[in-house]
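This report describes selected parts of one protein model. Please look over the sequence and the coordinates before reading on.

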Amino acid sequence: MKSNNFFESFDVVVVGAGHAGVEAAVASSRMGLQTALYTMNIDLIAQMSCNPAIGGIGKGHLVREIDALGGVMGEVIDRTGIQFRLLNRSRGPAVWSPRAQADKQNYRIEMKFLLEKEKLLKIKQAEVAGLLSEGNRVNGVELRDGRKIQAKAVILTTGTFLNGLIHVGKKRHSAGRGGETPSISLAESIKLLKFKWGRMKTGTPPRLDSRTIDFSYTEEQKGDEIPTPFSFRTKKIDQPQISCFIAYSNEKTHKIVRNNLMKSPLYSGEIQSVGPRYCPSFEDKVVKFSDKPRHQIFLEPEGIRTNEIYVNGLSTSMPPEIQQEMIHSIKGLEKAEIIRPGYAIEYDYVIPTELYSSLETKRLSGLFHAGQINGTTGYEEAACQGLMAGINAARKVKGEKAITLGRDEAYIGILIDDLVTKGIDEPYRMFTSRAEYRLQLRIDNADCRLTPLGARLGLISSSALDEFDLKQKRLNNLRDFLKSKRIPVGQGKIAISQALKRTDHKIEQFRSSFPREIRDNLSSEEIRSVETEIKYQGYLKQQSLEIEQMKQAGSKVIPHDLDYTAIAGLSLEIVEKLSHIKPSTIGQASRIPGITPAALSIIHLQLKINQKREKTVF
């Protein structure tokens, strides 16, 4: 029931309709809460302001987990993707990751259509200018036009809009992203609440007119012949697929950058904030990798019905005339016309150690943060936070305990744990190397890990849950068949499941012997999933034991004189940080920025080896 001071009242208010906001709003509304989603422009819901793509190494795992829990990113990209590729096929199944080029316009239209079908969700176009609180609890938001909106929980998913400042050469102007108004009043409201905050930087490349590109001088990059969907509920990708193309910078390009370096705000001193290390500007590439004669430039169409080409790999904030020189120095792009220049953007974020693992703030009860406001970068990282914030905001309103995912349960759990326990010193991006137990957290078993939880939360429809249960029966039938069916090997016979543990046997060799009801009803991915379980059974059991051990390892003492340079598998950067700080325990080491879970696992193993050696000596 709203108070007389409030214009409207909702259970949950979500501020911002980017990739975090839409997941938060859908989760909250599907869990039975009256939810309002506030955005400054309804026509730009789920806008892809940077690369028009979903997924990639590590990121694809996040999207599969979002889908398994009942989120929507996976099903929307499946409907609007124009090129699908499964990355890392040459490596083990733990690091296979799907990626899809999106039709940028169709993606946001499809997402808006999906949101409009949610019965308990109201989409509102207005600028949220401030937070309202009573004591130490949030109780609503105030709009720029003065209206006050009551809420039992508020989720901030503000992206790059908080005090956003765009740089192009020496010119700069306030904006949330190209052509959009920044959120200044809300940023000040957050600071008045004494939240610790910082500044981040990200960038975007120029967009080109495809009609002015000579693609004969580029390398064609086709998608997979059979696309791998993101959503477990997608049966088939039907829409037309297109190619991307690869071009290369050259010494002339690099010389243009070096000669004009001080015209870049990154090097003139105008930008002081930290940018994403794993997605550097082209200026940084030229300076920091001066030994490289060329860099790959990916020419990625922004949609089926547009001429815009996203120039992936050429993020820059150089003046437009210098950007044009850089473009024209590249083979095939000599006559290319820039539709939109690239730019850098600085924005405020709140230090993520201000949050509980539920993504609720420690300073203000009922207030949740998700996405780039927490210092992350990427649509997928934002979306998974939005989903978890939406779930926990809904549970907060219902008086229920927050849901947190363990590092051994999901990449989502790893991401959130990293943010709230370690904090960040640069924009956070997900990689498979951040996971201690990658083999447990594969894309093919995300539904087995998380869909039962999604169902208990009310995020999985009854029909989707029925399909999940049928899939588990199909997988169990295949497992039983592989254990019971014996084949001749050498002088005797063994079960197919035993034969598959050998490197010279693949499950496809035996597919023709499967009973028809198994062969006809199982997808290739489902069959590969069972094969992975069998082939890596020993490793998986060992990892399960290590998971239990690592839960007790936080207090394990690290000798002060441990020689990190002698430990194989640690990067030079990690060795330098550990040698300088000399953490006394595994728990302390885990909180050093930049120390990955994989590195901790290696250290833990080395300590066990050292302990065994000491016992042998004495």
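## Basis of the model

The model is predicted: local features need pLDDT of at least 70, side-chain atom pairs count only at pLDDT 80 or more, and totals for chains, interfaces and linings use all residues. Residues are numbered from 1 along each chain as its sequence is written, and side-chain values use heavy atoms, with hydrogens and water left out.

Helices (H or I, at least four residues) and strands (E, at least two) are DSSP runs numbered from the N terminus. Buried means under 20% relative accessible area, exposed over 50%, and partly exposed in between, with a 1.4 Å probe and protein chains only.

T204 has Y343 of strand 19 as its bridge partner.

Helix 11 covers residues 411-422. From first C-alpha to last, its 12 residues reach 16 Å, close to the 16 Å expected at 1.5 Å a residue, where the expected span is 1.5 Å times one less than the number of residues. Helix 11 is mostly covered, with 10 of its 12 residues buried; among them are I412, L415, D418 and K422. G423 follows helix 11 and has a positive phi, near 70 degrees.

## Cavities

On a 1 Å grid over the protein atoms alone, a cavity is a set of points where a 1.4 Å probe fits but cannot get out, and a pocket is an open set with protein on both sides within 12 Å along at least five of seven lines; lining residues have an atom within 4 Å of a point. Grid points are joined across faces, edges and corners, and a volume is the space filled by probe spheres set on the points. The whole structure has 2 cavities of 30 Å³ or more.

The largest cavity holds about 60 Å³. Its lining consists of W96, I443, D444, E525, R528, S529 and T532, which divide into 2 nonpolar, 2 polar and 3 charged residues. Here Ala, Val, Leu, Ile, Met, Phe, Trp, Tyr, Cys and Pro count as nonpolar, Asp, Glu, Lys and Arg as charged, and the others, Gly among them, as polar. The second largest cavity holds about 30 Å³ and is lined by 6 nonpolar, no polar and 2 charged residues. Helix 5 (185-192) and strand 19 (343-350) each supply at least two residues of that lining.

## Second largest pocket

The second largest pocket has a volume of about 850 Å³. Its lining has 36 residues, of which P229, T234, K235, S523 and E525 are closest to the centre. Helix 12 (446-457), helix 13 (462-484) and helix 16 (524-535) each give two or more residues to the lining, and helix 13 gives the most, with 8. By class, this lining has 11 nonpolar, 9 polar and 16 charged residues.

## Two single residues

R511 sits in the loop between helix 14 (496-499) and helix 15 (516-519) and counts as buried at 19% relative accessibility. Leaving aside neighbours within four places in sequence, R511 contacts (heavy atoms within 4.5 Å) R519, L522, S524 and I527.

S133 belongs to strand 7 (residues 128-134) and is partly exposed, with a relative accessible area of 37%. Not counting residues up to four places away in sequence, S133 touches V138, N139 and L364.

Conventions: Two strands pair if DSSP finds at least two bridges between them.
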